[in-house]
Amino acid sequence: MKTPPRGCAVLIQRLSIASCHRALLHLIGLAVLLAATPVQALQPQVLLVFDPAEPLSALDAAGIRAALVEQQIPRIEFEHGLANPISPAQLQQHAAIVLAHVDLQAGERLAVEAYLQSGGGVFATGRSGLGLEVTLGVGPLQTLLRNGSTEIRLQNAHPVATGSFWSGPISQTPPMPAEELPGIQQLFYLDPDWPAYTAQPVQAQVLARWRRAEAIWSSTDGSPAVFAHQAGAGRAVYLGALPGVYVDPDWNYPLAWRTLISEALSWVNTRGALIQLGYWPQGKRAAFAYSADTERAQMATVVPALLAIFDALGLQRFGTFFIVGQAGGDPGTEGAVEHPQVVSQILSAGAELAGHGDVHLRFQNQDLPTQRARLQAMRGLIEPLMGAAAPLLGFRGPALAVDRNTWRALAAEGLVYDSSDQDVWSEWSLPWFTGEVWELPPSSLMDYRLMVEMGLSGAEWEVLLRDKLAFIASRRGLFNWITHPWVIENELPRVEAMLRDARDRGDLWLARLDDILEWWLRREDLRVQVLESDAFRLRLQVDNLGDVPVQGASLWLRLPPAESPWLATVDGAGTPMQPRPHGLGTPTAFEVVVISQIAASASALVELRVDRPVGVFADGFEG
């Protein structure tokens, strides 16, 4: 028998010859892996390419940047221009790149094509697709004739469309209001000269089409808007228009294009580490809040029944009740003054009390002094009944009718959040800052709209609610279930069944809205840094820039393929990784690492490494 290699001789002292043969086979397999994979892994940061001298490219980059910041996805920004083109070497360092409405030169287009063919991932928007049509799998790009189109509607189940595509029963339940159909609204910049493109698919799959906002779901398909394509070993997604900020001086806020961007980048990145900061504590997939607009006499019986359901299900600190100050608004409405015992019951049960106006009348279109005066009156009516639980923190406008003045008035009067700007299907389902207060959008279809105005049965209502919860969970958002006790008084068994199933899923965080906002504010102070990255190790630092500890923060990770399993440590201590598959079609195989606590103004070190056999590499053979 031939003399075995020195590294194997070390193993022979502890293992049988058969075991050494297995070790040799392991070495051969590892050698093949090393030959196919560069020792220096691709940088996990997304490369964002934009032209700061081109306003539309800068606007596009601002929207994409916001999406990356929302999940703390590490990025490197490259300021593109005629005098500063992208080099092939720059592209090959990254697993995924974003081309944000940039004009590529001929040599750059060739470099992008080669990058894709070799396994790179590209997310391109607007003008970036000009000249790349063959690589993107589409025919010649054409300027879109708008014909009133104002939104993108995802039409095919695909990993890129996760959290945006919808195929549930709502379309089989007519007459459903057009604004409650799923789409990515207000993707169009309001300037009539703003460019948008369309093309016919050649090899690419059409994921979405341009639609008119008022068009019914079954209307004729519009022009193609979003494409996904497998190009050689790589993947590309092309969006025919800017996902930049919705430009309106009085109503400028983030919308659903963030989900599309993050999911697209997850799909095109096939060979590098994928890093995202989890939205919710303890690695939960989505948050679940129950909120009730409490403005009629039925509160006296239905609210205690709801609190009893919460208690029976073991839901502590759960439920947010938006209560009106007193009667005197819309006919038949009553409030805290008429039902002080309801205020006491809500607070004693551990639920949250929030404001729903002084009386049940719309705030929208009233001037700022009037809205401030009404909020002052609301607090004066409700807070004396709250005792030590005062002051009110949250607000929901009657009929969800608020405007920018409402947010300004709320901030001026010391309230912290609003829960009126309804996400039905197509808008944002995460907390966001309006510039004055935080918005925690209601995200379910309103029971009054469905069962009173549209005449749906309780069974149909439940089907739509469960469908919307699945939709929110697919985008890892906040399911803020909006109800009216006087509407659902005969549907409490359905409410209990929904809550029990949500509790038993195991991947939902059931909480009050104020607790959800408190968590989100702490999460806002977290930053993720990449310290080191190679083929076998990834070192990340999560910084807490705030002045309070953060408990239960999580990293959602997809790690590069390796012959041996990846292991995780947090501050040097081994920690398990929770599997969290996510997505439509073929799910992305995320692993979640939970960080038990990050002290105020401190950091946590998260290290991922491939568990290579120690004995095989004991003599430095890997060098």
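Analyst: Just after helix α15, G506 takes a positive phi of about 90°. Helices (H or I, at least four residues) and strands (E, at least two) are DSSP runs, numbered from the N terminus. The model is predicted: local features need pLDDT of at least 70, side-chain atom pairs count only at pLDDT 80 or more, and totals for chains, interfaces and linings use all residues. Residues are numbered from 1 along each chain as its sequence is written, and side-chain values use heavy atoms, with hydrogens and water left out.

User: What span should the 14 residues of α15 have at 1.5 Å a residue?

Analyst: The expected span is 1.5 Å times one less than the number of residues. For α15 (residues 492-505) this gives 20 Å, and the end C-alpha atoms are 20 Å apart, which agrees.

User: Which residues of α15 are buried?

Analyst: Buried means under 20% relative accessible area (1.4 Å probe, protein chains only). In α15 these residues are L492, V495, M498, L499 and A502. Seen down the axis, they fall within an arc of 120° (taken from the directions from the helix axis to the C-beta atoms), so they line one face of α15. They pack against elements including β13 (286-294), α8 (299-312) and α13 (458-474).

User: Where does L499 stand in the largest nonpolar core?

Analyst: In soluble globular proteins, nonpolar side chains tend to be buried together. A nonpolar core is a set of buried Ala, Val, Leu, Ile, Met, Phe, Trp, Tyr and Cys residues joined through side-chain atoms within 4.5 Å. Here the largest has 105 residues, and L499 and W481 are among those with the most contacts inside it. W481 is in contact (heavy atoms within 4.5 Å) with V495, M498 and L499, among others.

Methods. Buried < 20%, exposed > 50% of the residue type's maximum accessible area, 1.4 Å probe, protein only. Lists of a residue's contacts leave out its neighbours within four places in sequence.
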